[in-house]
Amino acid sequence: MGMPAHQASPPGGAAQWPYHSFLPLGALPGAIPCARLHTTAILWEWGMEALAQPAELAVSELVTNAVRASTDARKAREAPDAPTGLPVVALRLAGDHTHLLVEVSDYDPRPPIPTVADPEHDGGRGLLLIAAVSERWGYYYPATDPVSAPRSRAQAPGQGEWLAAPVPAADREPGKVVWALLSPSRASAPG
């Protein structure tokens, strides 16, 4: 087992970046290729194709972890009076022509913990890959983070504006958002 990831807010100016996309997905294995394809299409639309390969990798790893964490958290809390239904993970992308912020939320309050990869197994390298392709990464709790707190479903966008992704309602189970900041300089760095 490794140390927990660094709890930190994503870049504070990301809410003002010109490009935003939000995609909620059921916590199912099919969410991973859907999120990856969505990311590729969005980056092409935004003219940020240079970040497609590291973004696809980051999105795949973060959504995989979120699906697993949401499913495990739901199973751990199964009780006769527990809420029913499929857990949801959410992918949020924000871009400013140069940087891409990838955020993936789930409803598991436990922090992400990078693990020591076992050479005999395929898994366990996701967060190490995130660290390798991103400038920085971390996680935060939407209900308590000052950067994410202003995001709300209640505010309607003005002309030419996008709604920021909704923050989970207070009556929902607490969860976290894991984020990675990508840039072309990091994406093209020799590996």
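Student: How many helices and strands does the protein contain, and in what order do the elements run?

Tutor: The model is a predicted one. Its secondary structure comes to 4 helices and 5 strands. From the N terminus on, the elements follow the pattern β-α-α-β-β-α-β-β-α. Of the 191 residues in the protein, 40% are buried. Among contacts with a separation of 6 or more, 77% are between residues 24 or more positions apart.

Student: In what order do the strands lie in the sheet, and what is the sense of their pairing?

Tutor: Strands of a sheet pair through backbone hydrogen bonds, in either the parallel or the antiparallel sense. Here, 5 strands form an open sheet with the order β1-β2-β3-β5-β4, and the pairing is antiparallel. On average, and with direction ignored, neighbouring strands are turned by 15° against each other.

Student: How many bridges join β2 to β3, and which residue stands opposite Leu91?

Tutor: Strand β2 (residues 88-95) and strand β3 (residues 100-106) run antiparallel and are joined by 6 bridges. Within this pair, Leu91 stands opposite Val104 of β3.

Student: Is β4 largely enclosed or left open by the rest of the structure?

Tutor: The burial of its residues settles the matter: 4 of the 5 residues of β4 are buried, so the strand is largely enclosed by the rest of the structure.

Student: Where does helix α1 lie, and which of its residues are buried?

Tutor: Helix α1 (residues 31-46) lies across β1, β2 and β3, and runs at about 165° to β1. The helix has 16 residues and reaches 22 Å from its first C-alpha to its last, close to the 22 Å expected at 1.5 Å a residue. Its buried residues are Ala31, Ile32, Ala35, Thr39, Ile42, Leu43 and Trp46. Viewed down the axis of α1, these buried residues fall within an arc of 100°, so they line one face of the helix. On the other side of α1, Leu37, Trp44 and Glu45 are exposed. After α1 comes Gly47, which has a positive phi, near 75°.

Student: Which residues are buried in helix α3, and how are they arranged about its axis?

Tutor: In α3 (residues 126-133), the buried residues are Gly126, Leu127, Ile130 and Val133. Seen down the axis of α3, they fall within an arc of 130°, so they too line one face of the helix.

Student: Is Asp106 buried or exposed, and what does its side chain reach?

Tutor: Burial is judged by relative accessible area, and the cut-off for a buried residue is under 20%. Asp106, which lies in strand β3, has a relative accessible area of 4% and is therefore buried. Its side chain reaches the backbone nitrogen of Asp108 at 2.9 Å. The side chains of Asp106 and Lys176 are joined by a polar contact of 3.1 Å.

Student: Which residues are in contact with Asp106, leaving aside its neighbours within four places in sequence?

Tutor: With those neighbours left aside, Asp106 is in contact with Ala66, Ala69, Ser70, Val88, Val89, Gly175 and Lys176.

Terms used:
Residues are numbered from 1 along each chain as its sequence is written. This is a predicted model: local features need pLDDT of at least 70, side-chain atom pairs count only at pLDDT 80 or more; totals for chains, interfaces and linings use all residues. Side-chain values use heavy atoms; hydrogens and water are left out. Buried means under 20% relative accessible area, exposed over 50%, partly exposed in between (1.4 Å probe, protein chains only). Helices (H or I, at least four residues) and strands (E, at least two) are DSSP runs, numbered from the N terminus. The arc is that of the directions from the helix axis to the C-beta atoms. Two strands pair if DSSP finds at least two bridges between them. Axes are lines fitted to C-alpha atoms, for helices over the stretch in contact, and angles run from 0 to 180 degrees between N-to-C directions. Contact means heavy atoms within 4.5 Å. A polar contact is a pair of N or O atoms within 3.5 Å; within protein, one must be able to donate a hydrogen and the other to accept it, and residues adjacent in sequence count only if both atoms are side-chain atoms. The expected span of a helix is 1.5 Å times one less than its number of residues.
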